[in-house]
Amino acid sequence: MTFPTSHKTVFVMDHSLTTSSGVKLEMDSFSKSRSSSGSNSQPLVQPMNLIPLLPVTKSLWTCAVEAITEYCRIVWDIFPGTRLIRFIAVDKTTHKLSSWNLEDQSLTNLMNAFMMLGPAKNVGVGKLDLLKGLRAAIEALTEPSAIQHEKRTSLTENATKVLNKGRIILVTKVDCEEEVKTLKEKFHDTLLHLNKIAASTDNLMAINHCDLVLLNLWPEGPGCPIPRRSWPDVSTIMSCELTNIQGGTALAPKLCNLVLKHYDLASTTVTGIPMKEEQNASSSANYDVELFHPAAAHAAILKGIPAETAHLKTYREGTDYETVTLKWCTPRSNASIELQHCSSAYRITSVDVNSRPSSCLTNFLLNGRWVMLEMPRKSGSKVISHMLACHGGDIYIHTMYTSRSILEDPPSISEGCGGRVTDYRIPDFGELIKANRLAPYPDSALESDDNTTPLEKSREQLSRHTKYWPITLSTTSLFTLGSQIEPLTTLMLKETLTEAEVIECKQVILCLMSMEARGDPLPSPMAGQRGKGMKREDQYRVVWTELEQYLQLHLHSADHEKVLECFMECHNKVETPEYKGDDKVDIDQALKELDDYNYMTEREKADFNLSSGTKHTPAELPIPDSKRRRTAPPPLAPMGRSSGVSLLTLWENKVASEQSRRCLEFQGRLKAEDNVTKLYVSLQKDKDKDEGSRKKTT
Amino acid sequence: MPTVILLDVSLSMSRGVDIASPCPEDENVEGLMLRKDLAVHGCNILLDHFIQHCKLEFASLIVFSSVYKVLMPFTRDFESIKTALNLVEECDKTSIDVGLVGAAQHILEEWGNGTPCQIVLVTDGNAGTGQHSLQKSMMSSHSRGASQFPLPFPFPAKLTIVCIANPTEPCLQTSKPLYQRLIELNGEGDILVPDGSLSKKTVTEMFDQLIKNNFSSYSGTLHCGNLSAPVTLSPPPQPYCRHHDFEVMRVSVDSAIQVLGFLNTGDVSSPPAFSRHLVLPLSAKGDMVMLPKVDPGSDDEGGGGNDEGKIPSFCVLLHGGLKRENMVALCQVGENWHGILYSWADNKKKSNLMLSLFVPGLDVIPWMGKLSYLGPASQLPVNPYGPSDTSSPFPLKVHEKKSYALNCVVWVRQGGLQSDIQKILRHARKLPDKIQSFYKELNRVRRAALSYGFGELLEGLANVLERECTLLPSTAHPDAAIQLQHAYEALRNSDKKDIRQNIAPLKTTFSGND
């Protein structure tokens with residue numbers, strides 16, 4: 001649901017509940033337990049002369065705070081940061097105990113706030129003004145939470161549609177129904193009034209809907225005289241409910257019921273958890289642990305045919321909500337390194353958090369083990385339906401796929417396009433993958449100078465790493481050289497190069513040069529068809545061509561260019577063709593220009609160099625550093641499926657086409673009819689056209 | 001998406017094409033054609049489309065009248081459905097609700113409630129005698145909390161009602177609002193009526209429209225920097241439209257899938273996926289190629305179809321690399337919509353490239369943090385993966401520990417308070433050895449009591465400790481008595497000091513250096 005009511009909750013607590021709740025704790029029993037469990041050397045030294053200790057009784061206020069902190073514990077465990085709760089205590093005055101700030105949404109802060117507030121106070125009759133507290137609560141609801149503020153001021157089309165809903169829970173003791181009626185009506189009036197005020201301000205939000213819950217706290221003993229009631233539609237902006245909650249054993253399940261309803265949670269009982277006995281470590285018994293989580297975690301198994309899943313749902317002793325019982329499966333140790341297919345993951349919390357079975361299970365999970373949960377089917381078969389796992393300190397319940405998968409029996413990758421190719425450079429690509437691993441950036445690194453997110457940076461890096469990347473061995477000679485071209489191919493990918501790195505790269509080139517001069521065979525057998533049957537000098541030539549292309553594509557900085565310059569010098573190539581990044585030069589155009597250039601006279605060449613100096617700059621010309629850095633290679637090789645084309649092939653194609661052009665048939669002879677060719681056909685055509693148009697106009 | 005062809009086989013489907021003019025001027029036999037023949041004709045068009053373009057889809061055939069019957073359960077063998085279509089027999093009246101119940105039941109049994117499905121209801125545009133009952137059950141669906149009526153389907157489903165009827169027919173006019181209501185109840189779907197009078201041609205056009213609207217396959221490009229490959233996704237990805245807490249998300253998958261970086265499989269920790277898709281490379285012509293399995297005996301040089309297998313595809317390289325390194329590729333498929341690509345094997349030897357789409361948004365996997373904050377590890381001052389690949393920055397640690405990791409105080413259940421006091425006493429009896437634990441537990445209970453406004457407990461606890469003190473055996477260490485006395489006196493004086501201050505152990509001559 002959009003804009004859930006549960007986003008903001010305000011507790012208004014009656015701080016005058018000094019009445020005893022009737023819940024007693026026998027203090028005497030603690031000492032007695034000592035003598036009974038004492039060691040045999042001091043048998044039953046029960047001192048008869050001790051004054052019995054008085055039992056301790058909880059006040060209603062104590063019950064209320066205990067219950068409310070438990071409510072918050074569950075909510076904050078499952079919805080950290082998205083479901084906010086704040087507190088207002090009322091005695092003679094109104095105490096605002098917390099705010100919507102995220103720092104206030106923690107148990108530690110809540111306990112501290114209540115500690116500073118102190119125990120319940122007796123106020124005189126008529127001095128307690130609950131309405132004042134409710135008024136403060138409504139005011140609190142009109143204050144936007146951080147996320148509401150963000151959405152409201154987001155300047156998107158949705159900004160105006162942000163709804164402000166909330167819930168106010170009044171914890172008090174109501175003695176008669178008349179009281180409820182007055183509270184409800186006065187609350188509604190106040191709500192309307194404060195909405196008007198909020199609507200006239202910029203920083204407050206009018207409340208679109210408010211759910212008022214009157215939590216009537218009643219001492220242990222005979223039942224409460226006022227029945228539970230709800231008014232779902234007090235008006236379009238308000239609903240109201242009166243719930244009785246009695247101190248003692250009934251308090252916890254009642255409270256759970258309330259949280260479950262308010263936050264759309266559900267309960268799962270993990271059954272059959274083997275645990276060592278506390279006293280006797282050699283034997284083990286099976287225990288059950290109950291967990292709460294968003295109800296949606298059950299959707300995958302419960303939505304559908306009700307009869308199929310009815311057997312899963314039971315009521316635990318003393319509770320009035322359903323729990324789904326799933327069976328613990330002995331965990332596999334390697335579960336966490338495999339990808340499990342799950343459709344959702346929600347945070348959980350254990351219901352009886354400090355009980356031994358609960359803490360045993362949660363500690364097991366916190367230590368990094370994953371637990372599969374098994375759902376018995378009506379037919380008797382079983383299926384793994386959920387998984388409990390801890391990620392970074394929070395425990396989650398993952399929903400697994402339980403039904404047939406539409407992806408069953410998929411074709412293997414080897415049966416599709418490219419599946420029969422056997423010389424993919426998979427180990428090399430593995431290195432590329434490792435070099436492009438992602439990691440979370442700290443907040444300090446986020447404020448980059450150019451407004452790019454770290455993820456965009458990664459995309460840029462990937463693009464840099466794949467500028468020249470033949471995907472199969474048969475389309476490359478350069479990358480079959482193995483260690484011979486290291487570290488050049490790793491270093492050239494970097495954004496910048498140090499002086500030493502430039503030298504390392506140059507050494508790789510020089511080393512190759514000297515190998516060629518010595519007539520050494522290339523270190524790796526030329527894999528694939530390209531090397532087969534080639535003469536040694538041809539093999540070197542292919543490598544040089546490819547290396548030149550590679551270097552041309554990796555001109556990320558002036559230092560990168562130094563490597564290319566070194567290469568060029570080695571091969572007596574004077575000019576370094578350099579491309580401006582903003583000029584989209586494609587290879588065809590470049591080759592054509594090169595052709596034209598060859599046919600030019602010296603004069604034309606000079607002119608051309610002047611006019612297109614930005615495109616083709618002789619290496620000797622000094623270029624400002626800033627300009628150089630901006631230069632980028634042409635958008636050349638999208639090395640996908642069509643990337644089989646290397647520079648060599650391009651060159652060969654060009655030569656071939658040139659040759660075919662040279663022995664082209666004379667056009668006149670081609671068009672000749674009966675060995676007669678009409679000359680100046682186009683002139684005649686133009687003339688016809690002219691005449692035609694003239695006729696039309698006249 | 002699995003598809004149910006829900007075919008009306010009521011008697012009215014055996015009507016001729018046009019009752020108004022039984023002898024059409026066309027000389028061909030179309031006039032003698034029955035509506036059910038046209039329906040079968042249309043279904044065959046749809047099935048032929050599956051055979052051609054959606055080989056990995058599943059379809060089933062259910063016929064209905066006053067009862068429903070699953071003629072062909074979900075299968076990829078579309079030819080068998082075509083055969084089954086020819087054997088359809090006519091029955092009695094049209095009960096659409098019966099048919100819908102049948103479809104829902106069949107889908108739930110086969111695919112559960114999480115798989116998006118398509119239901120193509122082929123009928124004659126005449127809710128007919130069933131009309132009254134349909135209306136009645138639709139009305140009751142509200143009053144009875146939708147216990148019986150199958151709409152909306154308990155799984156994501158598109159309902160398309162295809163009418164083999166003349167657009168001008170009076171009974172179509174009366175039935176149409178009813179159909180409209182069905183679509184509204186389901187929330188997603190459409191009604192198709194022939195454009196022009198009923199004939200083989202208009203029915204063909206109508207089914208072509210159906211295919212275009214609902215069954216077109218995905219075709220896009222997988223990019224990784226400057227490397228790329230044309231791909232299709234199976235099943236085709238559905239647009240995402242759901243209500244989040246503070247916004248309604250509406251996104252579709254782009255035609256470009258962009259790899260942004262890589263992560264360890266263990267680090268992504270089985271993230272929840274909105275949907276999963278096979279990534280299949282397309283040929284240069286844009287076709288999906290399924291090569292015949294290699295016969296180990298014969299030589300690889302088979303027919304011309306094998307050529308596609310020999311043109312390198314980046315998909316295969318990516319798959320190989322991810323599998324080799326046991327890593328996944330984080331990719332972007334739309335605005336703020338991400339997913340992961342990984343090698344996946346269907347518990348057999350066959351592995352394939354799979355895409356799991358997350359729920360759209362940037363903060364969807366809590367243990368990975370905001371996705372846009374993930375950047376190249378190599379550019380960080382210190383590589384978080386460590387020099388030898390032994391460490392990992394994932395999962396992100398939460399700032400606020402949860403209650404189950406905090407040893408928080410809960411006294412709302414019986415026994416909670418008891419066991420906390422017993423724990424103090426257990427430590428008290430082992431003083432002075434357990435002095436630190438004793439004070440830790442004592443302060444924990446004390447703070448809770450003060451927060452809960454439970455001052456009486458402090459006095460009660462002081463009394464218990466005082467009695468413990470008097471009960472100390474003669475063999476006890478002298479420090480035990482001193483510490484106990486210090487503790488119960490401090491508990492009683494709580495109100496005289498700053499209550500936020502914990503009770504500190506008393507320094508004695510026995511306690512050694514501290």
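In the predicted model, the crossing of helices α2(A) and α7(A) is right-handed. Helix α2, which spans residues 60–78 of chain A, packs against helix α7, residues 251–263 of chain A, at an angle of about 40°, and the axes of the two helices are 10 Å apart. Because of this angle, α2(A) counts as oblique to α7(A). On the side of α2(A), the contact is formed by A:Cys63, A:Ala67, A:Glu70, A:Tyr71, A:Ile74 and A:Val75, while α7(A) contributes A:Leu251, A:Leu255, A:Val259 and A:Tyr263. Sorted by class, the residues in this contact of α2(A) with α7(A) comprise 9 nonpolar, no polar and 1 charged.

Beyond this packing within chain A, the contact between chains A and B was examined. To this contact chain A contributes 122 residues and chain B contributes 126 residues. Within the side of chain A that touches chain B, the largest share is supplied by helix α13 of chain A, residues 454–465, from which 9 residues come. When the side of chain A that touches chain B is divided by class, 59 residues are nonpolar, 42 are polar and 21 are charged.

The two chains are also linked through strand pairing, in which strand β19 of chain A, residues 438–440, is joined by 3 bridges to strand β16 of chain B, residues 374–376, with the two strands running antiparallel. In this arrangement, A:Leu438 is placed opposite B:Pro376, a residue of β16(B).

Notes:
Residues are numbered from 1 along each chain as its sequence is written. Chains are lettered from A and ligands numbered from 1 in the order in which they are written. This is a predicted model: local features need pLDDT of at least 70, side-chain atom pairs count only at pLDDT 80 or more; totals for chains, interfaces and linings use all residues. Axes are lines fitted to C-alpha atoms, for helices over the stretch in contact, and angles run from 0 to 180 degrees between N-to-C directions. Helices (H or I, at least four residues) and strands (E, at least two) are DSSP runs, numbered from the N terminus. Angles under 35 degrees count as roughly parallel, over 145 as roughly antiparallel, 65 to 115 as roughly perpendicular and the rest as oblique. A crossing is left-handed if the near helix is turned anticlockwise from the far one by less than a right angle, and right-handed if clockwise. Two residues are in contact if their C-beta atoms, placed from the backbone, lie within 7 Å. Ala, Val, Leu, Ile, Met, Phe, Trp, Tyr, Cys and Pro count as nonpolar, Asp, Glu, Lys and Arg as charged, and the others, Gly among them, as polar. Two strands pair if DSSP finds at least two bridges between them.
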